[in-house]
Amino acid sequence: MQNIFFSCGLAFLITFFSIPAIIEVAESKNLYDEPEGRKVHKTVIPTLGGLGIFAGFIIATLMGVNPSMSGILQYILAAGMILFFIGIKDDILVISASKKFIGQLLAAIIIIKFADINITNMYGFLGVYELSPTVSVLLSVFTIVVIINSFNLIDGVDGLAGSLSLLTSLIFGFYFWKTGQDLYAVMAFSLTGSLIAFLIFNFNPARIFMGDTGSLLIGLLNSIFVIKFISLASDPQSAMPLQSAPAIGFAILIVPLFDTLRVFTMRILKRRSPFSPDKNHIHHFLLDLGFGHRAIVFLCVAANIFFIAIAYFLRSYGTTIAVSCLTLISISIVTLIYYSRPKKRVISLGQKSKKSNISVTSSKVLSFNGEPVKESTSL
């Protein structure tokens, strides 16, 4: 227990004292996230906050984990290092989605093949139990890659990705601690300490963003945590067995995970790459409704807790029913939010210029309350 508290505190201190230095370096080298059409911030903000998260997590984990557990840890850190370098390059120079995807696949294969963290059983979901080796590998790779991307894509509002990951790491960390899984408990609480420190600088108004350097690492760790959680909680002989563990694991990650699966599905149905950018994420919808960054973070975290409670109370009904209920409720809420957004209308106003014979047509896109949100003038 002492090593868990030590790791959490050490991770907090390392991240807390490293972030100001990272901000200073980023500002001096002009390493900013520039505002553009798809992004919600209006001013330049330094990136590379993930450096502080990574440093705090790595050092605290290595200091807190028993050397006898280094076998699995070395492969987890190897996968994390791959995503770290991909993320930092993308934050500074920008790389293609295909190269990021290849890096994610490589990290997933290391976790599955060498760390032996994979999905081997569906535990009754849709009537499926044991999986063949091939199906197990494919499903594990898909799960890890989707979860990695879910935290990368949900990082669109100040403090959102960090707050959601803080919630998940606390829940997973508590479970691993109660079940005697010291390695995963130390990892989860090290991430917790780093995220608390990072959010001090990232909560609205943000002074720094985590960038891909942070979001890819956070996604990888949460994919490892949820697979391990489902495996442990589904075992009747474990210290803390839970019925319908896959449904509870799904609920713990539901806000970023469901949002990503929904957006990926929509893009594929429109014959677009699932990694192509757009403004169809849940935080974009809430921004359209007029919610601020802090309110969106509060709503998303509260919703995540609400879904975890639902999954827990439905656990006795089986995984299939619990997951189906969670999915139906999620679809209903997102649909309600989507169609509650203010509708935009276009009004064309024609006028004659008094200083010339040129006819000028001014087009204004007005929001539902009549305030202009975009203007264009054609000659």
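In this predicted model, aspartate 288 counts as partly exposed, at 36% relative accessibility. Aspartate 288 takes part in a salt bridge with arginine 341, in which the closest N and O atoms are 3.1 Å apart. Because aspartate 288 belongs to helix H11 while arginine 341 lies in the loop between H13 and strand S3 (345-352), this pair ties together parts that are 53 residues apart in sequence. Salt bridges that share partners also join Asp90, Lys100 and Asp212 into one network. Across the whole structure, a search finds six salt bridges.

Helix H10 (254-269) was examined next. The 16 residues of H10 should span 22 Å at 1.5 Å a residue, and the end C-alpha atoms of the helix are 22 Å apart, which agrees. The buried residues of H10 include Ile254, Leu257, Phe258, Val263, Phe264 and Arg267. The buried residues of this helix pack against several other helices, among them helix H5 (133-153), helix H6 (160-178) and helix H12 (293-313). H10 is followed by arginine 271, whose phi is positive, near 60 degrees.

Phenylalanine 275 lies in the loop between helix H10 and helix H11 (282-288), and, with a relative accessible area of 28%, phenylalanine 275 is partly exposed. When its neighbours within four places in sequence are left aside, phenylalanine 275 is in contact with Ala97, Phe101, Asn149, Phe264 and Arg267. Phenylalanine 275 and leucine 153 are 122 residues apart in sequence, yet their C-alpha atoms are 9.4 Å apart in space.

Aromatic rings were also considered, and the count comes to 20 aromatic pairs. Tyrosine 75 and phenylalanine 114 form a stacked pair, with 5.5 Å from centre to centre and 25 degrees between the planes. Because tyrosine 75 lies in helix H3 (residues 70-92) and phenylalanine 114 in the loop between helix H4 (97-113) and H5, the pair ties together parts that are 39 residues apart in sequence. Tyrosine 75 counts as partly exposed at 28% relative accessibility, and phenylalanine 114 is likewise partly exposed, with a relative accessible area of 48%. By contrast, the pair formed by tyrosine 338 and tyrosine 339 is edge-to-face, at 5.0 Å centre to centre and 90 degrees between the planes. Tyrosine 338 is partly exposed at 33% relative accessibility, while tyrosine 339, at 58%, counts as exposed. Ring pairs link Phe172, Tyr175, Phe176, Tyr184, Phe225 and Phe229 into a cluster.

Charged side chains also sit over rings: arginine 315 lies over the face of tyrosine 312, at 3.9 Å from the ring centre, and the charged end of lysine 178 sits over the ring of tryptophan 177, at 5.3 Å from its centre. Finally, a search of the whole structure finds zero disulfides. As for individual cysteines, cysteine 8 is buried, with a relative accessible area of 18%, and cysteine 325 is partly exposed, with a relative accessible area of 27%.

Technical notes. Residues numbered from 1 in each chain as written. Predicted model: local features only at pLDDT ≥ 70, side-chain atom pairs only at ≥ 80, totals over all residues. Heavy atoms only, no water. Helix = DSSP H or I, 4+ residues; strand = E, 2+ residues; numbered from the N terminus. Buried < 20%, exposed > 50% of the residue type's maximum accessible area, 1.4 Å probe, protein only. Contact = heavy atoms within 4.5 Å. Expected span 1.5 Å × (residues − 1). Disulfide = S-S within 2.5 Å. Phe/Tyr/Trp six-rings, centres within 6.5 Å; stacked < 30°, edge-to-face > 60°. Lys NZ or Arg CZ within 6 Å of the ring centre and 35° of its normal. Salt bridge = Lys/Arg side-chain N within 4 Å of Asp/Glu carboxyl O.
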